Amino acid sequence: MGATSRNILGRTPYYVLTGGLAVIFLFPILWAAVASVSPQAATGQTVGMGLGNYTTLFNFGAGLPRFMFNSVLVAFLVVAITLVVSGLGGYAFARFDFPGRDVLFLLTLAILMVPYATVLIPLYVMLHRVGLQNSLVGLSLVLTVFQLPFATYMMRISFEAVPRELDESALMDGCGTFSVLWRILLPSVRPGLITVSLFAFLAAWNDFFAPLILLNDPTQQTLPVAIANLRQQTMGAIDYGATEAGVVVMALPCLILFLFLQRHFVRGFMSGAIKG
Amino acid sequence: MTPATRATPRGAGWRRRHQLVGLVYVIPTVAFVAVFFLTPLVLVARMSLSSWPLLSGDRGLNFPKNFVAIWNNQLFWPAVVFTIEYTVLVTILLIGLGLGTALLVQEVGRWVGALRTIFLLPVAVGLASASLLFWGFYSPSIGPISPILEAVGVIHQPISFLETSTSALLSTTFLIVWKFAGLYMLILLVGLQGIPDDVYEASALDGASRGQMFRYITLPLLRPSLAMALILCVTGSLLAFDQFYILTKGGPDNATVTVVQLIYREAFQRQNLGSAAAISVIVLLALLVLNAIQFRLLRDPERS
């Protein structure tokens, strides 16, 4: 028995334990994917494997394309507005010492301390008053607010990590503050922008509570609420197959984005640790 | 260029005015915070003091009626008790499993890298998607658990996952632990990696055992990360909604109604925005007090 084989024997419990955990974490996702194409009585797919459940899903209610469009639009708006607001805000917090800076920054972070429901009930009333009820734009603005604490914090520390000499020398050369931001700083904070976009996308794409409260028209819904509604609306029997197909449609973009941008996802948590 | 020569072409007056330019760049932030955060907070306070039906709107002040009504609401205290039970259960499991998995994936390597990714995959899936996934997963008609156990011969009848209050709580807890364990692993892993190696090496030279190292080095130095994980987990669990709304619908017999679900029911089923606002205000105050206590307890004793 050499040293290596003893080492392998010593490591066996570790591999059994971690392997078992890996199976438990992967199993539900794999099951949903398989169940969505498997035959099942009272679903769109009764015999053999196939995409019957996806056909049911496609034609349900206002149609999958409609819900998909709503979700994509909301996600796009939230990412875009979050980038603009936190990009400009992060630049201001990092580079300018204006009056009220610290109060405003703390106030932005304080959004995290307030329960979702506490703000959404009055927002429901407010959006009604200005005619933004059932509006995907109204929903996007509300979802953006809840992205601002993390996004502003992330962009502030991203700008602070860029050496000041870079923009100071450009300012000396007569560059305006906006062109310093646009041409010199933005390329340096790209990783921060990607992290902010990733978190904003995942939050907007997956949010359930805000659209449930703010959108009353079932045809204007985003995917999560639409698919939750799908369960009740099919006649008589509950269509589990189409629901799992819906889960796959919702989860797939998130999983793919995560696999490609895992580095940026992890950085979102590293940043908190660095600054305490 | 020295700072002195740099300041010459543009004087102190320019410097002061230059700092004010920052105000222009925070206009969007100010607008969002004022319109979508501060205004709703003022309005929710106002609503909690008013008779405010969902459809007809503000009917004038009625303080303290909404708050008295909470006291008499038969669902309120059961919802508070259930939410706290759920929070304690989920927090213990998530922090424990998060720390356990973080310790398992500390080293560098292919298998460890793959493991981290696997544990993090459910974090990327949305909570509503995960709840819908498990709604099918637990169902007697397509759920895979009962058939597997029946095939092995462990059970002879399908297990019911959501039919009793205990099984509904445990099934929802499993879903949440599955969905969020990776998140807490990541937070604690960042903390673990911030502990310098030479602290362990020095204690190893002094003959410390692995258990002693964990107890006297890892846990104390992990305190800031543990504090952040704890506050995040307690806050998130106290505000639980999606998972119960989708998976149990508060059932069986309202046994799994959480506080936020109660707010939703008051507002949109009983159509009473005033009393929904009153519960929201109480939840906000309770959360602020709780987080202040947690911050105080978990603050580094040496720094305070």
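Figure 1. Ala168(B) is buried, because 23 other C-beta atoms lie within 10 Å (buried: 20 or more other C-beta atoms within 10 Å of a residue's own; exposed: 12 or fewer; partly exposed: in between; C-beta atoms are placed from the backbone). This is a predicted model, in which local features need pLDDT of at least 70 and side-chain atom pairs count only at pLDDT 80 or more, while totals for chains, interfaces and linings use all residues. Residues are numbered from 1 along each chain as its sequence is written, and chains are lettered from A and ligands numbered from 1 in the order in which they are written. Ala168(B) belongs to helix H9 of chain B (helices are DSSP runs of H or I with at least four residues, numbered from the N terminus). Leaving aside residues up to four places away in sequence, Ala168(B) touches Leu162(B), Thr248(B), Pro252(B), Ala255(B) and Thr256(B) (contact: C-beta atoms, placed from the backbone, within 7 Å).

**Figure 2. The largest nonpolar core.** This core holds 154 residues (a nonpolar core is a set of buried Ala, Val, Leu, Ile, Met, Phe, Trp, Tyr and Cys residues joined through C-beta atoms within 7 Å). Its largest share, 14 residues, comes from helix H9 (residues 165-193) of chain B. Ala277(B) is among the residues that touch the most other members. Not counting residues up to four places away in sequence, Ala277(B) touches Ile121(A), Val44(B), Met47(B), Ser48(B) and Trp52(B).

**Figure 3. The contact between chains A and B.** Chain A gives 70 residues to the contact and chain B gives 69 residues. On the side of chain A that touches chain B, H12(A) supplies the largest share, 16 residues. The residues of this side comprise 53 nonpolar, 14 polar and three charged (nonpolar: Ala, Val, Leu, Ile, Met, Phe, Trp, Tyr, Cys and Pro; charged: Asp, Glu, Lys and Arg; polar: the others, Gly among them).

**Figure 4. Packing of H3(A) and H6(A).** The axes of H3(A) and H6(A) are 6 Å apart, and the two helices pack at an angle of about 35 degrees (axes are lines fitted to C-alpha atoms over the stretch in contact; angles run from 0 to 180 degrees between N-to-C directions). The residues of this contact divide into 17 nonpolar, eleven polar and three charged. Among the elements of chain A, H3(A) has the highest mean pLDDT (97) (pLDDT is the predictor's confidence in each residue, from 0 to 100).

**Figure 5. Helix H8 of chain B.** H8(B) spans residues 145-152 and lies largely in the open, because zero of its eight residues are buried. Just after H8(B), Gly153(B) takes a positive phi of about 95 degrees.

Methods: Two residues are in contact if their C-beta atoms, placed from the backbone, lie within 7 Å.
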